[in-house]
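Q: Could you take me on a close look at one part of this model, the open sheet and what packs on it?

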Amino acid sequence: MKRQILHIDANNAFLSWTAIEMLKRGYNIDIRTIPSIIGGDESRRAGIVLAKSSIAKEFGIHTGETIFSARKKCPQIKVFPTDFSIYIKYSNQLYNLLSEYTDIIERFSIDECFLDMTNYLQNKTLLEKATEISRRVKEELGFTVNIGVAHNKLLAKMASDFEKPDKVHTLFEEEIPTKLWPLSVGELFMIGKKSVPKLNNMQIITIGDLAKTDINKLIKRFGKHGKLMWEYANGIDNEEVHYKIEKPKGVGNSVTLPMDISNINKIAEIVLSLVEHVTYRLRKYDLIANVVNVQLRTKEFKDYSHQGKLDCATSSTKIIYKKARELLEEMYKGEAVRLVGVRLDNLEEKESMQMNLFSNESIEKQDKLDKVLDSLKRKYGYESIIRAGKMNVSDIVKFKKN
DNA sequence: TCTGGGGTCCTAGGACCC
DNA sequence: TCTGGGGTCCTAGGACCC
């Protein structure tokens, strides 16, 4: 039996949601109707376009380009800051509305969901359900969505990416040759900008070209990814809609510094504050980590990282910082650093934590201290807890001046 | 006042064991 | 004077996604 899958994608999510919130707060312009973008903070060297209005798009502005470049294309562009609390609010509203239609719902990202409607059609067609959802989101939540209607996740996702905004598109098997195959190969999900030139060199220009290429040739050139590409080009995908909430496989935080730093002690202070953030998140999930990873990005945009296994899985700020500091010292060559990141991987449930016979007592003590600090953070806000040696942005500025 | 931050998965190569 | 080879674990880096 064929599965009945929908992919729902909020149109210009960050910008639309900001527009609605601003109107609610009394702002008299709907920023969806003017040349506008949501952008990162330029003063913190994070000035890229995260979302754009349709009019901004007409000026040739793309998501991911610099705000500087967007201004050159459209000097009158209005730039609004990011605010994740707004996005989470509207994302939840969308999720709650969609949850009325099926129990098998997967939050694919902050603005996208997959729905498995196979056992939830109630004598209606999948397309009728999609049309109803589209209308209700617009009327009740005040923004528009694109909906892809298909028999698997890949085709539903590709369909929702067809003409925008506020559209419902089907992509059933018999429509693949006319709707999917004429598109450029780079439009296919999981084919990024590095793969496109390699495929073009093999005379593969469209998704149809890819679909008709010998799969073994693709496997030879791209390994596992080659098989996936070929299957996707042919509309093959058996992935389930993952409706159970899964814990993360890894957690990380990274930060672009307001200015480049080449003093290892100052970098270590940034690492400490990142370790505090990241272990706090880890403890919220009741997880412990086995692997610590420290990442640096140089001012030339060269990324490198070192990772190391802990003797025993933990969520302790102190132990993880100690490891992170070792990794930093072993990898750092003295370059000017633009970004610092810390990731924790190979996570496991806290219940399974193995008792370390030799330092059991001190682990428990440290665990208690972290828990106390966490509850203070929740109560008084994260910024109220500042360990000695932690550096904030103004310290970095002062450091640079000295 | 060019170039975010959060993830997942894969691969190549080295170390080590038998 | 020949220097295997399979398996597993680990790390660094890269590709892709939103």
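Which residue of β12 does L287 stand opposite?

A: Happy to. This is a predicted model, in which local features need pLDDT of at least 70, side-chain atom pairs count only at pLDDT 80 or more, and totals for chains, interfaces and linings use all residues. Residues are numbered from 1 along each chain as its sequence is written, while chains are lettered from A and ligands numbered from 1 in the order in which they are written.

L287 stands opposite E349 in β12. Strands here are DSSP runs of E with at least two residues, helices are runs of H or I with at least four, and both are numbered from the N terminus. Strand β10 (residues 287-298) runs antiparallel to β12 (residues 337-349), and 11 bridges join them; two strands pair if DSSP finds at least two bridges between them.

The open sheet has 4 strands in the order β9-β12-β10-β11, with antiparallel pairing. β9 and β11 (303-314) are at the edges with a single partner strand each, so one side of each lacks a neighbour in the sheet. On average, neighbouring strands are turned by 15 degrees against each other, direction ignored.

Now for the helices. Helix α12 (residues 264-284) lies across β9, β10 and β12, at about 30 degrees to β12. Helix α13 (residues 317-331) packs on the sheet and touches β10, β11 and β12, its direction making about 145 degrees with that of β11. Contact is counted where C-beta atoms, placed from the backbone, lie within 7 Å; axes are lines fitted to C-alpha atoms, for helices over the stretch in contact, and angles run from 0 to 180 degrees between N-to-C directions.

Note on methods:
Contact = placed C-beta atoms within 7 Å.
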